[in-house]
Amino acid sequence: MERDYPLDEGYHVALDPYTAARPSLWAWVTVERTLYGVLFLAALAVRLAGLGRAPLLAEELSAAMAALRALQGARPGVTGYAPLLFNVQWLLFGLGSSAVAVRLLPALVGALFVGLPWLLRGSLGRVGALVIAAFLALSPGWVYAGRTADGALLSVALGAAALVLAWRFGCLGLPRDARATGLLLATALTAGAAVYTLLIAAALLLALWWWRAEEGPRALFGARMRAAGRAGAPALFLVALLAIASAFWLNPGGLGATVDLAGTWFAALGPGRTELPWYHSLRVLAIYEPLMLLLAGIGVYHGLRSRRALDRGLLLWLGYALLLGVALGQREPPWLVGILLPLTLLAGRGAQDLYATRVVPNRRDLVVMLVALVIMGYIYLHVTLYLRLLNVGTLLFAGYALGLVILGLVAYGVWVDTRGAGRIALLLAGLVLLIPTVRGTVALAHDRARDPWEPLLHRPSAAAMAELEPLVRMLSLQTVGDEFAADILYDEGLGPRVDWALRRFPNARATVAVGAQPEATMLITGPRAEEAWPPGYAGRPLALTAWPTSEGETWHNRMWWLLTRREMPPAEQELLWIWVRMPNDG
């Protein structure tokens, strides 16, 4: 007999879905499924468009260089890279090494991640799950993570999928969910260090649930654990972990690299391990995810007011993630996804609460909101004029206009419709905050992908690094008649960015330091005093990395950048020098 098990808030999943009659294709295609499909395609397009245009970051090159060394027959090492990325890049590099090949797996997984909220509709609500999917598809933080091959998105997405299937197994007891949980968890542990943020949060919440649970749920939990063992989930987890970590026993050093990921997570906890200030993660969230913060705040408010266990659990999870990223040292960009995931879930809960309270404006509300939007446009214009001209009068006009909007909404609420004024204020805030959210996505994905003034980027590879390989190819063609045949000597201290740029040049050699009398056709070194320039060579500088100047970090420049994303003062740069031997006319 078929039995239904309630998951949460009235949502039911059939224990045997194959007993029901299968609907026709047109009945299966609903508005909700269509929206998920559109979001998936949008996520895929945003992540794949121009995927290889921006130069690789240092954190993306660890696995890429290990895979490249393995492809060339060298040992990839036992630390410093994610085995899952190494395995996929090793295969793709057989077809050609490129930035697209490096980032392809995170981009695809980031797009597929959009579908995971579908499995949580029962607990999060259909509207809430759809809003979560929209944030996963298009919000700046998730788009940046999906276009960056540092392992953060991969590990968190796979870990989240493992936890969702573990939850389904706890509800339904289906053996296939237990086996899929073991497989996904093993894969996540080889994908990046950020998964430990997720797993430790899950372990803490599980311990809290166990402490407060009664005997019946505890007994059911024990029965599910025994059922998972009988289904072979632990054995599958162990075999998958060993196989993926070691590239199916072709790279035994990957086992050490997997263990090293855990060490990386714990090492990053020290506040002294990063030069970023304690408030950096909060500033990044405020700049790139203001709409998500607004909806998450609404979700927290309704959850605490209604004393819902799910929302309190999500709030505890967010607090734990903020502890790591604010009080402790996990403030670098790869750790941001650990905060984004619970924040995104809370934003979905907030959207579901708004839908449940029917926050839909009537015609009168729409007219008032349209007038308010026109005034907000006037305010934006005068604030940008002030930042451009530093004319206090324009700022005063903007202040008067803002006061007019506030007084108008108060008057509307007092004399016309109190709830309508609240609806207008909320929708107006949502529309205003949507603008920086969309602008942040465009900036991080395309036009400002390596702008050092973007707070989410910390000492990124300079945009000029994309010119290094074409420049060396052109100089090689001019000097020896072949694009790749030049004899190149370079300082190994310049790091993996230069190693990557010279990967196609068979005669490129790294050295501890280029000597005073080099004989190579081309040299690539760090900056040198003029008296130390190599004799007989002509050189030019190229930016290696960039970061904002302390002189440019003023509130005026920051506000100008935030509102317009226009060019900022020149950033400080770490330079390398390219030297070419001059022809001997004698």
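**Exercise 1.** How many bridges join E5 to strand E7, and in which sense do the two strands run?

*Solution.* This is a predicted model, in which local features need pLDDT of at least 70, side-chain atom pairs count only at pLDDT 80 or more, and totals for chains, interfaces and linings use all residues. Residues are numbered from 1 along each chain as its sequence is written, and side-chain values use heavy atoms, with hydrogens and water left out.

Step 1. Strands (E, at least two residues) and helices (H or I, at least four) are DSSP runs, numbered from the N terminus. Two strands pair if DSSP finds at least two bridges between them.

Step 2. E5 and E7 (residues 572–581) run antiparallel and are joined by 4 bridges. Leucine 523 has tryptophan 579 as its bridge partner in E7.

Step 3. With strand E3 (residues 488–491), E5 pairs in the parallel sense over 3 bridges. Here leucine 489 stands opposite leucine 523.

**Exercise 2.** Determine whether the faces of strand E5 are buried or exposed.

*Solution.* Step 1. Buried means under 20% relative accessible area, exposed over 50%, and partly exposed in between (1.4 Å probe, protein chains only).

Step 1. In a regular strand, side chains alternate between the two faces of the sheet.

Step 2. In E5 (residues 522–525), Met522 and Ile524 lie on one side, Leu523 and Thr525 on the other, and all are buried.
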